[in-house]
Amino acid sequence: MSSKQEHILPPSRQKAWDAPPKLDLRQRSVFTCDSITQRALRKITREDYKVGFLLQVIYFTRKRQFFNVSEFPVEHIRAARKALSLKSTKASFDYPTDVASRHKSKILKQYDWQAFDASFKARFNDLANSLIDKRRRKSDIADCLLEYCLEQHREVPSFTTVRETIQHGYRDYEEKLATEIRTHLSDAQQQVLNNLVSESDEFLLHRDVKRIKQGSQLNHCKLNGRILQKFHDLHTEFLPVISALYLTQEATEDLAIWVKQATTTQLRKFRNQDRRNLHLLAYLQYQHFHRSDAAVDAGKKIVTQLLNHARAYQNRESDKHESEFLDAAAAISNVARNSKELIKKIIDIARSNKLSDREKVRKILKLAESLMLSDIEDVDVTLQAVDTDIIKRRQKFDYYNFIFSRSSSIQKSLGPLLRPLVFESCSSPELLSAITAYQKGLDKISDTTPMKFLTKYERDLICREDEFSAIGKYKALLIIRAFEGFKDESLTLKYSYKYRPTESYFMPSEIWRKSFDEILISTGLNEYRDPEKYLDSIGKTVTELFKTVNHRIDSEENTYVKFNKNGTWSVDTPATDFSTDQFVSQLMGEEASFSLYQIIHQINTYTNFTEELEHRTKRFANEEFMLSHAYAALMSLGTNIGHNHMAKACQEISLKQLRDIESNRFSVNNLKKVNENIVHLIKSLSLPKVYSGDDGRLHTSSDGRKIVVAVDSLMANFSYKYYGKDKGISANAFIDDQQIFFNVNVLTSSEREAPYMLAGIAESKRTLYPETKLKKENHLHSTDTHGYTEAIFAGLHFLGVTFAPRIKSVQGQTLYSYENESLKKNSKFRIGPKTKLNRKLIIKRWDDILRLMASIKMNYVSASDIFRKLSSSSRDTELYRAVKEFGRLLKTHFILTYVDDLELRQVIEKHLSRIELGQGLSRSIFHGRGKRLYVGSKEEIDRVLLCSTILQNIVIAWNYLYLSDYLLSIDDAEQRQSIADGISNGSVISWEHINMLGNFDEQLQGPAFLATLQEMRNIKLRT
């Protein structure tokens, strides 16, 4: 395939890049100019030169781009002449290239922009190459390059320039890698790769190798362990070659996916040996890393279940002997009481002046004998029983007995997963030396066996003679301790994506130090450069807020805060006028019914979102596919009815066709681009803006939803509270104030939503809501308590987002003072802090905090991964404590504002009500097979939930189009505005009028609306 034929962008976007912007020539304001342009026009004498200059200004202000005169549409030229009141009606247009070039320079200077010159092109190429190193999707690279030009106030180049930059960059990148492979790969290693290809159906492309078993059963663990050992050996053999390639994680995964999805025939017929070797080497690393992570995931899960069962067994045994223990305790208590009485009598006898010493001895002996005969007949046995039970409880005897009884199964299931793992040096060298001994084949206990990682009692248990072997007890405890070590990061892996040391996820320190200034500017962190100055600015604001909030309470200006007799407080929030009525369905009536299948097609006619479904291989990049197949696969996954049921419902679409289009075109990245495409359609309309405030503030929110997983999954956990006897996962959904579902991510049910919420916002900041397009403090994000932690306040702040959660029992939150004067002991504040912020800690780790956030913004690491690791790490926690400490200052600022601002509280309630309504739409769309997931890997779950999110946005987009079309059918402007106001008080999240099943073989129809898309974008409404 020639480079000129390759698509960097979908055809429609590629064509639009180099075309002048579309102008609504019916709008008089199109040719309205600022005063500088008007003065410049007055100085131009020739009519066509005036027209050319005016059009170049209009094109530049809209697209920051210049176009060849030959590309100026004739209708634009005519309209410009008319706007300039020129009398010329000639068909020709005389605007020489040299004149257009001089005008271009003048326009750039006028708007304080610069040309796309050679010096900037070098930086432009550097950015492209850095993105190519990460094997970013070519359309994403084009978008990043465009955004870079806009950020740097540089003229946007032609698409040809962008395409050539990307293609040449990829060509140079792949040639460099091919050269490294030829240099470092020996003949013997080449033969090993050739053998892997010739025997690919036996191992490399075997079904069990392509897909990691998701279960924790013994046979799954053994199989995963054997395959991991094989990839460990292969990766070790080729490590010098792979290391020389310096592949990023993104590049490794991109190259490996081709092998994972290839057929045996495709792999064997790969003509270019260098490229085939590159894909194979990346695949070996990809498999080794991912399978190491899966081994740890499975091990942690199995160990957690084992320890839960051990504790439950201990409790059952304790309950079983509880009655005997209580009887024995009661007997001893009775003996103790009697003994006390006896001692008292003995003392009385001894002190008596009426008795002789002989009589005293006789009476005392008689009392003692009577006690021995009555109460203490079995006291020794009873005391021994109680002592034994107490020791068993204190030392968890039954707990360890349960573990030792399972030693054989622990070794059989977890041993194969532990042996191939390669560990980094860690904070527990004793544990690491024990694991190393185990991996080398430890078969007996000796004086040299590493024991220091165990407690003294555990060492005694191992040495104690009982029905369990010493080596069996040792191995059971070692394996459990090893997988527990990953939870607090006392153990880390060398070859892993999830379990490496925390420091390895950060931007390299040498890059941070070398390019500190440039990084701060490019990531928008420059304003945080001076920690003392920045902290003081926020701290003084918090100090003033304490004064203002308490003054307004004392003066009864704020009557919503109530105090109890004990001094505690609460705050009331009156209900808002927000309505959850489904406005669209009410407008249509109960009889209205539209097929989801048709609605998908109608939205595609406006967006061409199917163009984003690029084929996974370059060879078939331009191959056309049936739209009906894409729609059916989207519905099959998104509604959860599954490919089998969909194929049965579609006479003209087979099960194989559905599976093929999912495998080849439904990558997670492609589906994210599809969703972004539909989001951009919604945001381009006028009607959604009725939900946005006049201040231009963006308000987003997120909420988690529990979903049962019906198949084996390393992500799914048991939780009786959420899933009954089943297991499941959580899905974090994100929505903005225009009710657009802009993101979704997946987490296990045992994890907190907060880090994943931060990751979802960080991702959207790189795509849909860039910081450069929002003013500071102009983005709020709300969650309920599950999405809140103090550290997240800090993380969102550096992303340009003000965190505004609805915290349960907000009055119970600790408030922090920045200065001593705000402390309760130094003030009369009724709402005041008892604790002072640790300012020194924040300043001490400020540079590391900035490096952390720069690493997230520059996509070195996901926010969810790094914040989860920081919060669980047993080492380097000072950084996380500093992040939390800064978050406490921001939390205090928010709570004070929340208490004092009724409108803010009501807005938060409204937005969280909207996302709860959105979850209703999500459940209605995701209706198939009992709403239970039938896929287990993270990638598969991501794919299903993205398809469901796309369908949600398709419904929202269609509703907006329907309402826009309806509004345009109303001639009276006031009546139109009145209806728009009614819409703004409710929600467009409505689905009663949509048939989620429908007829999949019906003829696809075009747009269902009378108004054009441009008319819908130009509706005049007050917000």
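A: In this predicted model, the axes of helix α8, which covers residues 159-184, and helix α11, which covers residues 218-245, come within 9 Å of each other and cross at roughly 155 degrees. An angle over 145 degrees counts as roughly antiparallel, and α8 is therefore roughly antiparallel to α11. The crossing in which α8 passes α11 is right-handed. On the side of α8, the contact is made by Leu-177, Glu-180, Ile-181 and His-184, while α11 contributes Val-241, Ala-244 and Leu-245. Sorted by class, the residues of this contact comprise 5 nonpolar, 1 polar and 1 charged.

Helix α11 also contains His-220. Is this residue buried or exposed? His-220 has a relative accessibility of 12%, and because buried means under 20%, His-220 counts as buried. Leaving aside residues up to four places away in sequence, His-220 touches Lys-213, Gln-214, Gly-215 and Asp-712.

The axes of α29 (residues 642-649) and α30 (residues 655-665) come within 8 Å and cross at roughly 130 degrees. The two helices are therefore oblique to each other. The crossing of α29 and α30 is right-handed. Here the contact consists of His-643, Asn-644, Met-646 and Ala-647 from α29, together with Leu-655, Leu-658, Arg-659 and Glu-662 from α30. By class, the contact of α29 with α30 has 4 nonpolar, 2 polar and 2 charged residues.

In α4, which spans residues 74-83, His-76, Ile-77, Ala-79, Ala-80 and Arg-81 are buried. Their cover includes α3, residues 47-63. After α4 comes Ser-85, whose phi is positive, near 60 degrees. In α37, residues 863-872, the buried residues are Ala-863, Ser-864, Ile-866, Phe-867, Lys-869 and Leu-870. The cover over the buried residues of α37 includes α33 (754-766), α34 (790-798), α36 (846-857) and α38 (877-900).

Ile-807 lies in the loop between β9 (802-803) and β10 (816-817). With a relative accessibility of 8%, Ile-807 counts as buried. Not counting residues up to four places away in sequence, Ile-807 touches Thr-785, Tyr-788 and Gln-813. The C-alpha atoms of Ile-807 and Asp-133 are separated by 42 Å, and these two residues are 674 residues apart along the chain.

These parts belong to a chain whose secondary structure comes to 42 helices and 12 strands. The C-alpha trace spans about 145 × 85 × 65 Å along its principal axes. Of the 1023 residues of the chain, 52% count as buried. Among contacts between residues at least 6 apart in sequence, 76% join residues at least 24 apart. The accessible surface of the chain is about 48,600 Å², and 48% of that surface belongs to carbon and sulfur atoms.

Definitions and conventions
Residues are numbered from 1 along each chain as its sequence is written. This is a predicted model: local features need pLDDT of at least 70, side-chain atom pairs count only at pLDDT 80 or more; totals for chains, interfaces and linings use all residues. Side-chain values use heavy atoms; hydrogens and water are left out. Axes are lines fitted to C-alpha atoms, for helices over the stretch in contact, and angles run from 0 to 180 degrees between N-to-C directions. Helices (H or I, at least four residues) and strands (E, at least two) are DSSP runs, numbered from the N terminus. Angles under 35 degrees count as roughly parallel, over 145 as roughly antiparallel, 65 to 115 as roughly perpendicular and the rest as oblique. A crossing is left-handed if the near helix is turned anticlockwise from the far one by less than a right angle, and right-handed if clockwise. Contact means heavy atoms within 4.5 Å. Ala, Val, Leu, Ile, Met, Phe, Trp, Tyr, Cys and Pro count as nonpolar, Asp, Glu, Lys and Arg as charged, and the others, Gly among them, as polar. Buried means under 20% relative accessible area, exposed over 50%, partly exposed in between (1.4 Å probe, protein chains only). Accessible areas come from the Shrake-Rupley method with a 1.4 Å probe; for residues, only the protein chains shown count as cover.
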